[in-house]
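Have a look at the structure first, then read on.

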Amino acid sequence: MAKLKLIVSTASLFCTRIEWALKLKGLEYELIVEDFKQGKSELLLKSNPVHKKVPVLLDDGVAIAESKVILEYIDEKWKGGDFCPLLPQEPYDRAQARFWAQFADEKCVFGAWGACCAEDGQEKEKAVETALESFAYLEKQIEGKKFFGGEKIGYLDLIAGWIPHFLGVLEEAGGMKIIDAERFPSLHEWAQNFNEVPLIKECLPPRDMLLNYITASLSKLRSLAANKP
């Protein structure tokens, strides 16, 4: 039985990044998939009683929650020898990776989701413009590099790794376009490089499933908004 267990949901971009990290480290793990239609499992509620969210990593029964915290835990525990590092070795570079990881989650993820959810017209235009401003900062960070981590996939690549697969789904569901080869050539090239890595491909959830999930979520949000008094 695997010592490591990972509690996930199939549609969560925050879960996929943990699977990538475990595979990059060459670690065996058991995947426990939550079915939120049936409610949250006792294991999830016990393992993450504060936020009650996935992902959660169980290391020999000890629970670690929150995706960026989990990534750093994995990198700290399994390092040296044949284990590839995720974070840079130099303190300044590590600090920068953490800063841009936080930026990518706070500004790019929620910026893209906000643009996806926005109603057509001026609201949509403003939301897309805000998202574009955030992605422009990531474009500068990847210029001249194959990966954010240099020649190999690193911590920031895993954080931003939702972009090549998940962003296209948000764009389709939200009727918008954020990243293309003309607007963000470096990000576009990075996305292609990232998606060509076999280890990355094998963890990606089916696109149709993601699109159905996002479309259903949007419908639910708009229905709730329409029924507000």
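Predicted model: local features only at pLDDT ≥ 70, side-chain atom pairs only at ≥ 80, totals over all residues.

## Where the domains meet

The size of an interface is often quoted as the accessible area lost when the parts come together. For domain 1 and domain 2 that comes to about 1,800 Å² buried, with 68% of it from carbon and sulfur atoms. On the domain 1 side, Leu13, Trp20 and Lys68 give up the most area to domain 2, and together they account for 36% of what that side buries. In terms of contacts, 16 residues of domain 1 touch 23 residues of domain 2.

So much for area; what about polar pairing? Across the interface of domain 1 and domain 2, seven residue pairs are in polar contact, with both partners at pLDDT 80 or more. Which elements of domain 1 supply at least two residues each to the side that touches domain 2? Helix H1 (13–24) and helix H3 (67–77) do. H1 is the top contributor to that side, with nine residues. Sorted by class, the domain 1 side that touches domain 2 has seven nonpolar, three polar and six charged residues.

## Salt bridges

Side chains of opposite charge can pair when their charged atoms come close. The structure holds 13 salt bridges, and the count between domain 1 and domain 2 is five. Elsewhere on the list of pairs, Arg17 forms a salt bridge with Asp105, where the closest N and O atoms are 2.9 Å apart.

Another pair is Asp59 with Lys3, whose side chains meet in a salt bridge at 3.8 Å, N to O. This pair ties together distant parts of the chain: Asp59 lies in strand S3 and Lys3 in the segment before strand S1 (4–8), 56 residues apart.

How do strand S3 (residues 56–59) and strand S4 (residues 62–65) pair, parallel or antiparallel? They run in the antiparallel sense, joined over four bridges. Asp59 stands opposite Val62 in S4.

Two residues lie between the strands of this hairpin, and Asp60 takes a positive phi near 55 degrees.

Methods:
Residues numbered from 1 in each chain as written. Heavy atoms only, no water. Contact = heavy atoms within 4.5 Å. Buried area = accessible area lost by both parts, 1.4 Å probe. Salt bridge = Lys/Arg side-chain N within 4 Å of Asp/Glu carboxyl O. Polar contact = N/O pair within 3.5 Å; in protein donor to acceptor, adjacent residues only side chain to side chain. Nonpolar A, V, L, I, M, F, W, Y, C, P; charged D, E, K, R; others polar. Pairing = 2+ DSSP bridges.
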